[in-house]
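Here are my notes for your first look at this protein. Keep the structure open and follow the points in order.

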Amino acid sequence: MLRSAANRLMRQSSQVYQAVRLFGADHPRVISAGEASLVEVLKQKFPKAKYIEVQDISGGCGAMYEIYVETLDFKGLNTIKQHRLVTEALKQQIKDMHGVRIHTKLPRDDE
């Protein structure tokens, strides 16, 4: 009984996370101070970025973030070098994190 309740709670938590992820970019949401701080650092590092998004995926404690950056600054760089640019920009902040997921890409030519 306890196991089934725990499994149900895990499924619900996963569904809530998926909903936030799916609607986060298109619909306004309240962001935490930690998310806002990381976005500002990334905006300073990548002023030409077409898209920057930071999501606290730690449940709100700020221990783990998922980061999306889309910028022409990545042109000619492989994925590892793109991720290195992001981690270098957030070097001080990453020291206090448990983990970070980074997603980078170049804007499409037609955008």
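1. The protein chain has four helices and three strands. Along the sequence they run α-α-β-β-α-α-β. Keep in mind that this is a predicted model.

2. Next, burial and surface. The protein chain has 111 residues, and 27% of them count as buried.

3. Look at how contacts span the sequence. Take the contacts between residues at least 6 apart in the protein chain: 57% of these join residues at least 24 apart.

4. Now find the largest nonpolar core, which holds 15 residues. Leu-42, Val-54, Ile-67, Val-69 and Val-86 touch the most other members.

5. Not counting residues up to four places away in sequence, Ile-67 touches Leu-42, Val-54 and Val-86, among others. Its list also includes Val-100, Arg-101, Ile-102 and His-103.

6. Move to Thr-104, in strand β3 (residues 99–105). Is Thr-104 buried or exposed? Its relative accessibility is 17%. Buried means under 20%, so Thr-104 counts as buried.

7. Finally, check the partners of Thr-104. Its side chain makes a polar contact of 2.6 Å with that of Gln-82. Another polar contact, of 3.4 Å, joins the side chains of Thr-104 and His-83. Leaving aside neighbours within four places in sequence, Thr-104 is also in contact with Val-69, Phe-74, Thr-79 and Val-86.

Key
Residues numbered from 1 in each chain as written. Predicted model: local features only at pLDDT ≥ 70, side-chain atom pairs only at ≥ 80, totals over all residues. Heavy atoms only, no water. Helix = DSSP H or I, 4+ residues; strand = E, 2+ residues; numbered from the N terminus. Buried < 20%, exposed > 50% of the residue type's maximum accessible area, 1.4 Å probe, protein only. Polar contact = N/O pair within 3.5 Å; in protein donor to acceptor, adjacent residues only side chain to side chain. Contact = heavy atoms within 4.5 Å. Core = buried A, V, L, I, M, F, W, Y, C linked by side-chain atoms within 4.5 Å.
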